[in-house]
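Trainee: I'd like to learn how to read salt bridges in a structure. Could you walk me through some?

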Amino acid sequence: MKIKKYCVENVQEGMLQIKKELGPEAVIIDSRKVREKGLRGFFAPVKVEITAAVDSPPSPWQATATRERDFQEQKLQGELSELKQLVNQLVNRQQKQNIEEKGPFYRWMQRLIENDVAPALAQQILTEIHEDFAVENALSDEVIELILLKKVRERLRVADLPDTARILAFVGPTGVGKTTTLAKLAARFALYHNKQVGMITIDTYRIGAVEQLRTYADITGMPIEVVMTPKDMPRALERLADRELILVDTAGRNSKNSMQVSELASFMAGLPTPEIFLVLSATTKTKDLYRIMANFAKVNFNKLIFTKLDETDTFGVLLNASSSTSLPMTYVTTGQNVPDDLEGANAERLAKLILGVEQHV
Ligand SMILES: Nc1nc2c(ncn2[C@@H]2O[C@H](COP(=O)(O)OP(=O)(O)O)[C@@H](O)[C@H]2O)c(=O)[nH]1
Ligand SMILES: [Mg+2]
């Protein structure tokens, strides 16, 4: 940097001089009024002292280095902004793709799946809503919830027991609550509907299980017949000819054992126009549930009962079962108490449980 002082008559004159000597880049860094020293100065007009500065001109090699640095910097800036643009494009495309993949009803899909509704079924329900009602944004959460409830309700097949039903048989995996449910229904029909109820048990594999129902029959004074082979069935039915309602208990068959299921089917074939309930637990995994339903198909069950609703917080399996078969659900059970913990299947209430709108059984 070059610094120079000028003592001039006035600022304009100074500026001209500075520009001429130091060039147009020069800047004034200070200016003040001064008098010449001595008596002469006292009478002479006041002068102006101006300090001006200018950057010394760069050496040729420095100038080249600076140009090179500027060029590199510019290049880098260019590359950076190109990269930024590219990243933005990628992010936008990814976001768009996510929305397309997940769909506008994604969080409702999550809610259904969290409640154990089979993903394919959840997708199907939401696609229907999407087709009917355009986009999610147009609908409030309350409205979407109502539409979902309606869709779930429609898919849940429920039906009362037909008035004509006389023989009710209970089949299903071991320990789901067949005997308990039978006892609940027997007590209800006898107590609340004044029906003459009889029982048949073909629970020939587990002696204890026969005893379970026999004890119950003894307490209630209901007649019970134990059937050992399909051939014995007509005789048992004959002995219960005066009964308005006959409930048939079966041994918990391992549905993976197809011979046992075939045997069960031959017992069922001996029953005149029976209502055959496949009893399933609400705690069953969906995959197992599909397998159980397929394996018991031979038995020709025509209604479903879900037990142990009190033992789970998610109820999607009820919907999965109901929509994978055209068969209706008739009862659900909600605890071990005989005869209290049993309800007629109510689509409205079950839909609320399945969606998690209602938490408790
Ligand atoms: N928590 C609960 N337990 C149940 C329900 N239904 C049956 N149980 C219990 O499940 C167990 C097996 O029941 P049981 O009727 O013997 O099953 P089965 O082998 O299918 O005849 C027993 O301890 C029952 O008290 C229900 O709805 N909720
Ligand atoms: Mg049993």
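Mentor: Happy to. Keep in mind that this is a predicted model. Start with Glu-225, which forms a salt bridge with Arg-239, their closest N and O atoms being 3.0 Å apart. Glu-225 belongs to strand S6 (residues 224-226) and Arg-239 to helix H9 (residues 233-239), so the pair ties together parts that are 14 residues apart in sequence.

Trainee: Is Glu-225 buried or exposed?

Mentor: The general idea is that buried means under 20% relative accessible area. Glu-225, at 14%, therefore counts as buried, whereas Arg-239 is partly exposed at 48%.

Trainee: How many salt bridges does the structure hold?

Mentor: There are 16 salt bridges. In one of them, the side chains of Lys-151 and Glu-128 meet at 3.1 Å, N to O. Lys-151 lies in helix H6 (residues 141-155) and Glu-128 in helix H5 (residues 119-133), so this pair ties together parts 23 residues apart in sequence. Lys-151 is buried, at 11% relative accessible area, while Glu-128 is partly exposed at 26%.

Trainee: And where do Arg-291 and Asp-288 lie?

Mentor: Both lie in helix H11 (residues 286-295), three residues apart, or about one turn of the helix.

Trainee: Which residues do salt bridges with shared partners join into one network?

Mentor: Glu-128, Lys-151 and Arg-155 are joined that way.

How values were computed
Residues are numbered from 1 along each chain as its sequence is written. Chains are lettered from A and ligands numbered from 1 in the order in which they are written. This is a predicted model: local features need pLDDT of at least 70, side-chain atom pairs count only at pLDDT 80 or more; totals for chains, interfaces and linings use all residues. Side-chain values use heavy atoms; hydrogens and water are left out. A salt bridge is a side-chain nitrogen of Lys or Arg within 4 Å of a carboxyl oxygen of Asp or Glu. Helices (H or I, at least four residues) and strands (E, at least two) are DSSP runs, numbered from the N terminus. Buried means under 20% relative accessible area, exposed over 50%, partly exposed in between (1.4 Å probe, protein chains only).
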